[in-house]
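I opened the notebook on this model and set down, in order, what I looked up. The entries follow the ligand, the helix packing, the domains and the backbone.

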Amino acid sequence: MSQALLIVNPSSGDEKAKEYAKKVEEILGKQYESVRVKYTEKAGDATQFAREAARNRLEAIFVMGGDGTVNEGVSGIAEEAYRPDFSFIPLGTVNDLGRALGISMNPEEAINQLHHLKKKKLDVGKVNDSYFIDVVAVGVIPEAVSNVDPAKKTRFGPLAYFLEGAKAVGENKSYTFDFTIDGERFIEKSMLILISLANSVGGFEKLVPQAKVDDGKLHLTVVKGEKLADKLKLLPKIFSGEITKDEQIIYRAFEIGKIFVQGSIELAANVDGDEGDLLPLELKVLPQHITVLVPE
Ligand SMILES: Nc1ncnc2c1ncn2[C@@H]1O[C@H](COP(=O)(O)OP(=O)(O)OP(=O)(O)O)[C@@H](O)[C@H]1O
């Protein structure tokens with residue numbers, strides 16, 4: 001019997017999650033013989049629900065929530081030998097993976113897209129013992145983003161992150177990092193390092209236009225130096241898709257890497273929008289690890 005699980009984070013989005021969940025259940029009910037709906041109550045629930053679904057060999061898992069909940073769902077199946085098909089209705093603010101996969105940012109539209117889905121492979125990133133589907137960010141900007149007021153985040157979306165980031169850059173601060181990327185070692189001063197999987201990063205859909213969700217690569221973008229004045233020139237390139245070609249940027253597509261911060265500094269990475277491990281970071285890609293169901 002084909003079974004699907006719908007995992008809903010009722011606190012994501014604009015509080016309409018329960019109403020949306022009913023519609024999704026109805027549509028999936030026509031595609032699977034049985035559909036169960038489970039609501040998360042706290043951090044870790046979505047991971048546990050997804051892991052149980054994999055172990056019970058369900059055919060598909062659908063997640064409704066923000067990037068944090070989608071990350072949890074993927075994390076729950078990433079280590080399992082049998083991995084159900086995976087899809088999601090984005091209810092958060094950034095939703096880079098949804099943007100990259102052609103899933104609508106409007107929940108009602110995303111729900112309608114469930115009528116016609118096709119299968120696609122998805123790379124998953126691993127950072128130390130955690131998984132990521134969007135971006136690992138390190139440096140002055142991510143530190144500031146951790147402090148973004150949640151109300152501001154809901155009102156302004158990705159722009160709030162960007163504005164907070166720009167304020168942080170105003171402090172002219174940077175760290176010295178030691179990179180080993182696919183065997184090549186280099187040391188660089190930087191205010192911001194991004195390790196991403198898709199074209200869309202932080203809600204900017206053309207940040208790494210060459211990145212594909214199934215290219216078997218992680219994409220490293222390092223903003224060199226520490227002076228704000230130098231970085232303002234980069235702003236238009238964030239929108240035009242040319243940032244990775246700029247001389248102030250180091251860009252590499254890679255499969256395995258290590259990043260240390262020099263000095264006795266406690267610096268945490270931001271993993272898919274939430275605070276992650278302190279550096280050093282070990283990174284690798286799990287190529288085409290998950291089958292996602294995406295709009296046709
Ligand atoms: N029932 C619940 N009530 C409150 N918080 C919850 C509940 N279930 C899960 N959570 C919390 O929600 C977090 C994930 O939120 P998520 O990132 O999916 O949504 P968001 O913050 O709206 O999205 P975004 O980060 O994209 O803006 C989990 O880490 C967990 O701590």
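Which element gives the largest share of the shell around the ligand? I found that helix 3 does, with three residues, where helices are DSSP runs (H or I, at least four residues) and strands likewise (E, at least two), numbered from the N terminus. I noted before going on that this is a predicted model, in which local features need pLDDT of at least 70 and side-chain atom pairs count only at pLDDT 80 or more, while totals for chains, interfaces and linings use all residues. Residues are numbered from 1 along each chain as its sequence is written.

Entry on confidence. I read an average pLDDT of 91 for the chain, with 95% of the residues scoring at least 70; pLDDT is the predictor's confidence in each residue, from 0 to 100. The model scores are ipTM 0.95 and pTM 0.93.

Entry on the ligand. I listed 18 residues around the ligand, of which the closest are Ala43, Gly66, Gly68, Thr69 and Gly92, a residue being near if its C-beta atom, placed from the backbone, lies within 6 Å. This shell divides into three nonpolar, eleven polar and four charged residues, where Ala, Val, Leu, Ile, Met, Phe, Trp, Tyr, Cys and Pro count as nonpolar, Asp, Glu, Lys and Arg as charged, and the others, Gly among them, as polar.

Entry on helix packing. I looked up helix 2 (residues 45-55) against helix 3 and found an angle of about 35 degrees, with the axes 7 Å apart; axes are lines fitted to C-alpha atoms over the stretch in contact, and angles run from 0 to 180 degrees between N-to-C directions. Residues of helix 2, including Phe49 and Arg51, meet residues of helix 3, including Thr69 and Glu72, contact being C-beta atoms, placed from the backbone, within 7 Å. The residues of this contact divide into five nonpolar, six polar and two charged.

Entry on domains. I took the bounds, which come from an automatic or database domain assignment, as domain 1 (3-123 + 290-295) and domain 2 (135-287). Their C-alpha centres lie 27 Å apart, and 15 residues of domain 1 are in contact with 23 residues of domain 2. On the side of domain 1 that touches domain 2, the largest share, five residues, comes from helix 4.

Entry on the backbone. I checked the peptide bond from leucine 279 to proline 280 and found it cis, with omega near 10 degrees; proline 280 lies in the loop between strand 14 (274-278) and strand 15 (281-295). I also noted asparagine 95, a residue other than glycine with a positive phi near 55 degrees, in the loop between strand 4 (85-90) and helix 4.

How values were computed
Contact = placed C-beta atoms within 7 Å.
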